[in-house]
Amino acid sequence: MNRTMLVFLFPADPIDPKRVDFDYEKEYAAARIYCDVGLLQLEQLIESNIVKIDHLFPKGMTIIYRGWMLTPKQYSTLQHWAEEHGFRLCISLEEYTNTHLLPNWSNRPNTLHSEWTEDLSQSALSRLLSRFNSAVTIKDFVKSRKHEWAEAFFIPDSSDITHAMNVIHTFIERQGEQLVGGVVLREFIDLKEIGHHPKSDSPIFEEYRVFYWQTQPILIIDYWNNETVSLKQQELDFIAEQAHGIASPFFTIDYARKTNEELVIMEMGDGQVSGLQEYDEEIFYEKLIDALEKES
């Protein structure tokens, strides 16, 4: 892909739409070294279903969004706007939802057993619980509340209906209007614990986030330590193999290490809305642009 025909679109500051959102300042600066950048007013998109950017680009440009998660409806609005104005989103709506929504990827090998329902009635949630006979965790189609470990994430015994329902309903209540799709329960497996989160005190595990471009790994990030990643060749081969068949050019896979030392897929995500976990922004864009240019 020719970088002269590429635009990275970042969220604008909610107060000053001519400035980038504070959390994306370093990414914005790193991306503009290589190509054009733009600012999207997220509040207008979220509240009014309107796309407003800080300046128009030449027609024919390809847009890669880098910012906060968008719902499928919001992403559809962005795609429609791009098409109307002669641009192309690098990731289509279908490709975005292929990796953004858990039901679209969770049946792949090497993932946790997951069950879900869009029906949030008591009876539907009870049926969902009945499909498990051990510890589970809860999330919606996109996000969990794992930093609220005991209250809204971890269910130690799925057969304890009263406690399980309390956790599920707490999760639903706290997600509120941000709940996407429905409720997902996932088997809880023994992972290699490396400490506790400094704010929530919830356990943290050995995890890696891998960014892929055209099914090729371009960057592996140590999810918690941000140190040099040291993986065996067999593990690197495993990571490369997991991308086969995923229908999106730009996505992430999060891996965790089980107590038996094997890696397991914990999450998939769209590459545009996956965070860098404090990884060096300049190195990220250097690697991404290099991958983009090799494609052409």
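1. Leaving aside its neighbours within four places in sequence, with which residues is Trp224 in contact? In this predicted model, the residues that Trp224 touches are Lys146, His147, Ile194, His197, Ile204, Phe205 and Glu207. Trp224 lies in the loop that runs between strand S12 (216–222) and helix H8. With Glu207 there is also a polar contact, in which the two side chains are joined at 3.0 Å. The relative accessibility of Trp224 is 25%, so this residue counts as partly exposed.

2. Is Ser248 buried or exposed? Its relative accessibility is 5%, and Ser248 therefore counts as buried, the cut-off for that class being under 20% relative accessible area. The side chain of Ser248 reaches the backbone nitrogen of Phe250 at a distance of 3.4 Å. If neighbours within four places in sequence are left aside, Ser248 is in contact with Ile91, Glu95 and Thr99.

3. Two packed helices are described by the angle between their axes and the distance between the axes. For H3 and H4, the axes come within 10 Å and cross at roughly 155°. Angles over 145 degrees count as roughly antiparallel, and H3 and H4 are therefore roughly antiparallel to each other. Their crossing is right-handed. On the H3 side the contact is made by Pro72, Tyr75, Ser76 and Gln79, and on the H4 side by Leu93, Tyr96 and Thr97. By residue class, the contact of H3 with H4 comprises four nonpolar residues, three polar residues and no charged ones.

4. Which residues of H4 are buried? They are Tyr96, Thr97, Thr99 and His100. The buried residues of H4 pack against H3, S13 and strand S14 (263–270).

5. At what angle do H5 and H7 pack? The angle is about 120°, and the axes of the two helices are 11 Å apart. Because of this angle, H5 is oblique to H7. H5 passes H7 in a right-handed crossing. From H5, the contact is made by Gln122, Leu125, Ser126 and Leu129; from H7, by Ile161, Ala164, Met165, Ile168, His169 and Ile172. The residues of this contact divide into seven nonpolar, three polar and no charged.

6. Arg127 also has its place in helix H5. Its relative accessibility is 47%, so Arg127 counts as partly exposed. How far apart in space are Arg127 and Thr4, C-alpha to C-alpha? The distance is 53 Å, for two residues that are 123 residues apart in sequence.

7. Glu47 is found in helix H2 (residues 42–48). At 66% relative accessibility this residue lies above the 50% cut-off, and Glu47 therefore counts as exposed. From C-alpha to C-alpha, Glu47 and Gln74 are 9.9 Å apart in space, and they are 27 residues apart in sequence.

8. Asn49 is not a glycine, although it has a positive phi of about 60°. Asn49 is found in the loop between H2 and strand S3 (62–65), and its relative accessibility of 39% is why it counts as partly exposed. Gln277, likewise not a glycine, has a positive phi of about 55°. Where does Gln277 lie? Gln277 is in the loop between S14 and helix H9 (281–295). Its relative accessible area is 26%, so Gln277 is partly exposed.

Definitions and conventions. Residues numbered from 1 in each chain as written. Predicted model: local features only at pLDDT ≥ 70, side-chain atom pairs only at ≥ 80, totals over all residues. Heavy atoms only, no water. Axes fitted to C-alpha atoms, helices over the stretch in contact; angles between N-to-C directions. Helix = DSSP H or I, 4+ residues; strand = E, 2+ residues; numbered from the N terminus. Parallel < 35°, antiparallel > 145°, perpendicular 65-115°, else oblique. Left-handed = near helix turned anticlockwise from the far one by under 90°. Contact = heavy atoms within 4.5 Å. Nonpolar A, V, L, I, M, F, W, Y, C, P; charged D, E, K, R; others polar. Buried < 20%, exposed > 50% of the residue type's maximum accessible area, 1.4 Å probe, protein only. Polar contact = N/O pair within 3.5 Å; in protein donor to acceptor, adjacent residues only side chain to side chain.
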